[in-house]
Amino acid sequence: MSTETAKKPSVLFVCVHNAGRSQMAAAFLTSLSNGEIEVRSAGSQPADKINPAAVEAMAEVGIDMSAEVPKVLTTEAVKESDVVITMGCGDECPYFPGKRYEDWVLEDPAGKGVESVRPIRDQIKARIEGLIESLIPAAK
């Protein structure tokens with residue numbers, strides 16, 4: 001096994017504000033991959049703070065993301081990631097050849113209550129489980 005195959009896959013989640021969808025996705029991937037995947041998240045126009053309804057929805061499933069802070073998207077973060085998953089940032093996401101890109105169309109939880117965020121959270125979790133299977137084939 002070469003050192004290249006031993007390298008952990010890395011995933012970057014990008015949305016506009018990095019306050020809801022991308023943070024929930026990063027929290028799920030961190031939790032469900034047991035440290036097997038390097039996880040980053042960022043926003044093209046980061047908000048001041050994490051969406052409280054997203055924090056509450058994640059706390060309901062045992063994941064605490066209250067200490068997370070929205071981060072600005074950098075070219076370096078994209079370059080260092082194997083998979084870049086965008087969530088509604090459109091053309092603001094930088095593109096580099098050789099990366100795996102996926103665009104997840106998910107409702108924006110901004111300004112919504114926890115009741116509206118739960119179904120978004122559950123969609124994200126299902127997608128994360130599929131992502132883990134594609135990155136760590138032995139994860140099953």
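Let me begin with Glu 80, which counts as partly exposed at 47% relative accessibility, where partly exposed is what falls between buried, under 20% relative accessible area, and exposed, over 50%, with a 1.4 Å probe and protein chains only. Please keep in mind that this is a predicted model, in which local features need pLDDT of at least 70 and side-chain atom pairs count only at pLDDT 80 or more, while totals for chains, interfaces and linings use all residues. Residues are numbered from 1 along each chain as its sequence is written, and side-chain values use heavy atoms, with hydrogens and water left out.

The side chain of Glu 80 meets that of Arg 40 in a salt bridge, at 3.3 Å from N to O; by salt bridge I mean a side-chain nitrogen of Lys or Arg within 4 Å of a carboxyl oxygen of Asp or Glu. This pair links distant parts of the chain, since Glu 80 sits in the loop between α4 (75-79) and β3, and Arg 40 in strand β2 (residues 38-43), 40 residues apart. Helices (H or I, at least four residues) and strands (E, at least two) are DSSP runs, numbered from the N terminus. Arg 40 also forms a salt bridge with Glu 38, with the closest N and O atoms 2.6 Å apart. Of these two, Arg 40 is buried, at 17% relative accessible area, whereas Glu 38 is partly exposed at 34%.

The whole structure holds eleven salt bridges, and another of them joins Arg 118 to Glu 60, the closest N and O atoms being 2.7 Å apart. Arg 118 lies in helix α5 and Glu 60 in the loop between α3 and α4, so this pair ties together parts 58 residues apart in sequence. Through shared partners, salt bridges join Glu 60, Arg 118, Arg 121 and Asp 122 into one network.

Turning to the interior, a nonpolar core is a set of buried Ala, Val, Leu, Ile, Met, Phe, Trp, Tyr and Cys residues joined through side-chain atoms within 4.5 Å. The largest such core has 32 residues, of which Val 11, Phe 13, Ile 128 and Leu 131 touch the most other members. Two or more residues come from each of β1 (10-15), α2 (21-32), α3 (52-59), β3 (83-87) and α5 (114-135), and α5 gives the most, with eight. Apart from this core lies another, of seven residues, among them Leu 12, Val 14, Ala 42 and Val 84.
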